[in-house]
Amino acid sequence: MSSSTVTGNVTLSEGNDDNTLSLPLIAGTVGPSVIDVRKLYADTGHFTYDPGFTSTASCDSAITYIDGDKGILMHRGYKIEELAEKSDFMEVCYLLLKGELPNQAQKDKFTHDITYHTMLHEQLTQFYRGFRRDAHPMAVMVGVVGALSAFYHDSTDITDPTQRMIASYRLIAKMPTIAAMAYKYSVGQPFIYPSNELSYAENFLHMTFSVPAERYKLSPVIARAMDRIFILHADHEQNASTSTVRLAGSSGANPFACIAAGIACLWGPAHGGANEAVLNMLNQIGSVDRVQEFIAKAKDKNDPFRLMGFGHRVYKNYDPRAKVMQQTCYEVLDELGIKDEPMLKLAMELEKIALNDEYFIEKKLFPNVDFYSGIILQALGFPTSMFTVLFALARTVGWVAQWNEMMEDPSQKIGRPRQLYTGYTERPFVDISKR
Ligand code: SDX
């Protein structure tokens, strides 16, 4: 279901002249309406101005809805808490891509199709060997995913819906394999092939932690936690990396190149790189008695330090994913028999102090999805450098779903923002002898 309706007009007037312009007001199914400014420049010669896009809708979409004030996240109308508790990542992938939860037959076929795309072209293993062993795994992900367009030419024709879906399935299916191989390469262990009898999350854990001499012992609780972490990261409306994928796709670039661009954007510590930054921050704080020192740093305008894992452009309430992540943290640490994990105790103390501090209350800074995820991933055995790789793995389905939605939109055109120019006006060239 996707619908929007014009519900009225907004009238603009310039200065005190009676020159006015009427712009349509468009409502979606829920959430803020938009002022349609597509005619603004043609009719007035003015641009809108919104660096960082704090008040700008870049598209219409029926995939994910966020109510930042209420801390609500829904995928195709289903709340993230329900999906995390009652469904699994394959169902959420199907939901994001096709708009409805699958019945059993649809789920079985989708899972089969994804499973049978998990292997990589064998020649891609050579691609890894060009990297230094200490390369950041996100650098490897950007490179290898971009290189997929050099191998899968039969699914790069973006005008063909069948090829678009094949490329989407390939990307969702191969990201765990690529991610696990990036980890294996970094620790000098041989690559482990996927096993078709395993679930998506089980397969990823197997490819990451099995070795030829010994198969990883899968725990159903750990596999379920991994699957739930993938669900929590699957999609999130028009965040920076999704907007990057859409902008790259708007030029007609092939899907592998678009997803590589999204991975590059996600890497930043203000975005997906925050989960790695949270663990580095907790290690830097070291103990509960230094929490107040770092809270003070986070509040100091002259100190660039920010409390990583806190704050969000949209959520001005608790990120609903953070609550599920915290619960998952307890389950994983309990399953692993890790009592009183110092990092968890430190994170909980930090959260308690921050949430009672006037600065964080006034600025509506709450824990986001990245605040607890790193503690779980570290407990599972992942190095911090792999944390954002797992975020990219899970977000791939959201990126390809949003990319497909854009490609299916008949009004889609290349994204090309304008600017407020503040540089020199015209001036004569100066010969070097006179400079
Ligand atoms: C993700 O967009 C998405 O949906 C992203 C994501 C997804 O699923 O795709 O949810 C994933 O990226 C989560 C966010 C992970 N990033 C971090 O945890 C990094 C730390 N947080 C921030 O850097 C910041 O909160 C952002 C980048 C997340 C949001 O920044 P905004 O919306 O641009 O807000 P801002 O930088 O203008 O901050 C508003 C005020 C500022 O103070 P003033 O200038 O008004 O005095 O709040 C302050 C900021 O200094 N502030 C913080 C803070 N975050 C904001 N102060 C201390 N610590 C923080 N973490």
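Trainee: How far is a polar side-chain atom of His312 from an oxygen atom of the ligand?
Mentor: Heads-up, this is a predicted model: local features need pLDDT of at least 70, side-chain atom pairs count only at pLDDT 80 or more, and totals for chains, interfaces and linings use all residues. Residues are numbered from 1 along each chain as its sequence is written, and side-chain values use heavy atoms, leaving out hydrogens and water. The His312 side chain also reaches the backbone nitrogen of Tyr315 at 3.2 Å (polar contacts are N or O pairs within 3.5 Å; within protein, one must be able to donate a hydrogen and the other to accept it, and residues adjacent in sequence count only if both atoms are side-chain atoms). To the ligand oxygen, the distance is 2.6 Å.

Trainee: How much of the ligand's area does the protein bury?
Mentor: Start with the ligand taken alone, which exposes 1,100 Å² (Shrake-Rupley, 1.4 Å probe; for residues, only the protein chains shown count as cover). Of that area, the protein buries 77%.

Trainee: Is Asp370 buried or exposed?
Mentor: The scale is buried under 20% relative accessible area, exposed over 50%, partly exposed in between (1.4 Å probe, protein chains only). At 23%, His312 is partly exposed. Asp370 sits in helix H17 (residues 370–380) (helices are DSSP runs of H or I, at least four residues, numbered from the N terminus). With 5% relative accessibility, Asp370 is therefore buried.

Trainee: Which residues does His312 contact, leaving aside neighbours within four places in sequence?
Mentor: His312 lies in the loop between helix H13 (291–299) and helix H14 (320–335). Contact means heavy atoms within 4.5 Å. With those neighbours aside, the partners of His312 are His236, Arg321 and Asn368.

Trainee: How many residues of helix H8 are buried?
Mentor: Tyr200, Phe204 and His206 are among the buried ones, and the cover over them includes H17 and helix H18 (387–407). H8 (residues 200–209) is largely enclosed by the rest of the structure, because the buried count out of ten is nine.

Methods:
Helices (H or I, at least four residues) and strands (E, at least two) are DSSP runs, numbered from the N terminus.
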